[in-house]
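Open the model in your viewer and keep the sequence panel at hand.

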Amino acid sequence: MSASSDSQRMEKIVSLCKRRGFIFQSSEIYGGLNGCWDYGPLGVELKRNLKNYWWRVTVHERDDVVGMDGAILMNRAVWKASGHEDTFSDPMVDCRSCKARLRADQLIEKKGAKQCPNCGGKDLTEPRAFNLMFKTYVGATEDESSITYLRPETAQAIFVQFKNVLEVSRKKLPFGIAQIGKAFRNEINPRNFTFRSREFEQMELEYFCRAEEGMQLLEYWKEERLKFYENIGIPRDKLHVKTVSDEERAFYSKGTYDIEYDFPFGRQELEGVAYRTDYDLSQHQKASGKSLEYFDEETKQKFIPHVVEPSAGVDRTLLALICEAYAEDQAPDEKGKMETRTVLRFHPRMAPIKCAVFPLLKNKEQLVAKAKEIVDLLRLHMSVFYDESGAIGRRYRRQDEIGTPFGVTVDFETLGEKGRQLQDTVTLRDRDSMKQERVAIKDLPSILTARIS
Ligand code: GAP
């Protein structure tokens, strides 16, 4: 695809997200706040489906992982010990011509000279470190003693609670602690819609192990995470594993992979899988003076565990799901004439609404009553949407555009008007093939739950 068709595709996706209530600009009526986004009625459902599935496969379906939910505000000492206060920064450059503040790695280079990507100016300041953490004050006084930060990653809460969780869960190595939550970074240049935001969510697993297991577990978790993306509808050929080089890797990491996805705006990171050695726990043990060691009952040895960390972004994955699902194809209109159809081909497991229910006509009381009965039957198992307005073809299109995988239509056959055989059956339409099958109402919950789980 060409760069211009990719950027047109991205524009259409952003517009659909707003028009249909997936994603809005934060504080929009006041002109917005750069790098912050709100999820609307459909966006929040999609996000929940993503987070719930991650939690299911990472925590519920495993014996070796437990969850936790840490506070966003933590003692400043955490950020000193972790190294964030001193080193969590991007090198930044100011353009003296247009006054833009830019990340040093985003400058363009022409004929060996660095230039501002906004105005082409070459009058640039030397790079300076810009800490990405949002500073805040806890309590009534705003002085040095009350400073802390909004957490820039969820991981540190896991490290500092390692001992408590180990004691209450009574897990043996290797085992993991998982967490989903908000993180904040004062990104110099938020961009590409929600891709680089200032407020975002992470799904992080810290998988603790013995030193000798680290490299092997790094490979294991990379593969598990690739499977995860495939299971939510991102094909393997759009995923890429980048081995982070020695120069780019954090000094304490013995190996890091970035899992990348081909977004319309280029190949970009979805997740990092890093073998962080015993760096984090060692730092916190040293700084707090509290033991974060593990006692191995078999060998009677005490040691600080190592950790492998798959760290995924909720918002980035959600954006990848939407980009991957977005399609335009041809479908017949009411009169059989082919027209362009916009469709989000979400994996049914991720789709915000699983099934829409339509009475063929809204002014036929029995059709409406039967359709509402079906809504009540299905909503015990999944998110459903009832729609009676407009021609049936238009109702299908509205659901296609938001990615609803199944549509149930109640017609005169359902009411038994075309013979007893078809009474209490409905048409079940598949979003992607647009094919319809006739199924008994009583079988709908089991047919649909099997297809969406
Ligand atoms: N605990 C390790 C850690 O935070 P990271 O690579 O800085 O590692 C992990 O972040 C993931 O969090 C990224 O792969 C990305 O999916 C997400 N993420 C990081 N910064 C982000 C931002 N500004 N906007 C949206 N997602 C972000």
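Which residue in E5 does Val93 stand opposite? Select Val93 and look across to E5: the residue there is Leu102. Bear in mind throughout that this is a predicted model.

**The sheet around E4**

Now select residues 89-94, which make up strand E4. E4 and E5 are paired in the antiparallel sense, over three bridges. Strands of a sheet pair through backbone hydrogen bonds, so display the backbone atoms here.

**Lys222**

Next, select residues 214-231, helix H7, and pick out Lys222 within this helix. Is Lys222 buried or exposed? Its relative accessible area is 11%, and because the limit for buried is under 20%, Lys222 counts as buried. To see what surrounds Lys222, show Val241, Tyr257, Ile259 and Val273, which Lys222 touches when residues up to four places away in sequence are not counted.

**Ala178**

Move to strand E11, residues 175-184, where Ala178 is placed. Ala178 is buried, with a relative accessible area of 0%. Which residues are in contact with Ala178, leaving aside neighbours within four places in sequence? Among them are Trp54, Trp55, Thr58 and Val59, as well as Val65, Val66, Gly67 and Met68. The list also includes Ile158, Glu204 and Leu205. For a distance across the model, pick the C-alpha atoms of Ala178 and Leu380: they are 202 residues apart along the chain and separated by 29 Å.

**The whole chain**

Finally, zoom out and colour by secondary structure, which comes to twelve helices and 25 strands. The C-alpha atoms fill a box of roughly 80 × 65 × 50 Å along the principal axes. Of the 453 residues, 51% count as buried. Of the contacts between residues at least 6 apart in sequence, 64% join residues at least 24 apart.

Switch to a surface view: the accessible surface is about 22,300 Å², and 48% of this area belongs to carbon and sulfur atoms. Colouring by charge brings up 71 positive and 71 negative side chains, the centres of the two sets lying 3 Å apart.

Conventions
Residues are numbered from 1 along each chain as its sequence is written. This is a predicted model: local features need pLDDT of at least 70, side-chain atom pairs count only at pLDDT 80 or more; totals for chains, interfaces and linings use all residues. Side-chain values use heavy atoms; hydrogens and water are left out. Helices (H or I, at least four residues) and strands (E, at least two) are DSSP runs, numbered from the N terminus. Buried means under 20% relative accessible area, exposed over 50%, partly exposed in between (1.4 Å probe, protein chains only). Contact means heavy atoms within 4.5 Å. Accessible areas come from the Shrake-Rupley method with a 1.4 Å probe; for residues, only the protein chains shown count as cover. Lys and Arg count as positive and Asp and Glu as negative; His and the chain ends are not counted. The place of a charge is taken as NZ of Lys, CZ of Arg, CG of Asp or CD of Glu. Two strands pair if DSSP finds at least two bridges between them.
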